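Have a look at the fold before reading on.

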Amino acid sequence: MTPKAIPPAEACFVICVEANQLAVQAQLLCESIRRFAGRYAASRIVAVSPRPGLAIEEDTARRLRALEVEPVFLPLNLTGSPYGPINRIVAGRWAEETLAAPFLIVLDTDTLFVAEPDFTAEDVGVRPVDVKGSASAGPADPLDLYWGRMAARAGLSLDNLPWIETSVSRQRVRTSCNGGCSVVRRELDVLLRTAEVFFDSFAAHD
C-alpha cells in the first residue's frame, strides 16, 4: 500500500531566521518552496526570529511577507549560547505548543527544494546524518558514553538506539539524525520532548 501523503493544508513549514546569513538563506528557502515544492508550494510557512538581539529587520520581514511567510518575533532563546541549533529546538517546541497544523516540517535555512518532496503522514520523519561526526560507532567509540547518558535522559537504554548507515560516508552508527529536516505529527509532542532532553543535557553541560 502506498503511504498516504500529508495533505498540503495540514502541513506547516517552520524555519528560524535572524539578522545574519540566515536572512538570505531563509528567503531562498521560502522562494524554493513557493516555486518548486509542488503540492506543498502554498502550505503555511512560519519564520521564527527567536533571539531579540538578532531579530530580523523590517526589510527582511517585508520580503518574507511578500512570499506569504509569517515572521514571528519571540524571545525564545535567551541562553546566550553561540550554539545555533538551540534556535531550532526552541522554535520547534513553540510551534508544537502553539500552531494548529497537524504536521510540522522543521527545516534549517540552508535547505533548498528543487522538486516536490514526499511527505508521508507518519508520526515522525527524519533522515540519517551525512557523516559520523558526533555519532557513536559502538562500545569502543569514546562518544558512546555521551549517547548512553542522552538515552538515559530520554528514559531509554542505549541498546534501544537502532543502527543506521550515514547517508554520505556510509558508516554504521547508532541512530543520529539530521535535525535540520524533521517532519512530526504535532499532537505527539516530539519537539517538546526533544527540547526537554536537550535542555536537561545543556544544564548539566553534558
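Which strands does α3 lie across, and at about what angle does α3 run to β1? Helix α3 lies across β1, β2 (44-49), β3, β4 and β8 (181-185), and runs at about 145 degrees to β1. Bear in mind that this is a predicted model, where local features need pLDDT of at least 70, side-chain atom pairs count only at pLDDT 80 or more, and totals for chains, interfaces and linings use all residues. Numbering starts from 1 along each chain as its sequence is written, and side-chain values use heavy atoms, leaving out hydrogens and water.

**Terms**
- Helices (H or I, at least four residues) and strands (E, at least two) are DSSP runs, numbered from the N terminus.
- Axes are lines fitted to C-alpha atoms, for helices over the stretch in contact, and angles run from 0 to 180 degrees between N-to-C directions.

**The sheet**
- Six strands make an open sheet with mixed pairing, in the order β3-β2-β1-β4-β8-β5; strands pair if DSSP finds at least two bridges between them.
- At the edges sit β3 (69-73) and β5 (124-125), each pairing on one side only.
- β1 (residues 11-16) pairs with β4 (residues 103-107) in the parallel sense over 4 bridges, and V14 stands opposite V106 in β4.

**α3 against α5**
- α3 (residues 85-98) packs with α5 (residues 190-203) at an angle of about 140 degrees, their axes 8 Å apart.
- Contact (heavy atoms within 4.5 Å) involves I86, I89, V90, G92, R93, E96 and E97 of α3, plus V190, L191, L192, A195, F198, F199 and F202 of α5.
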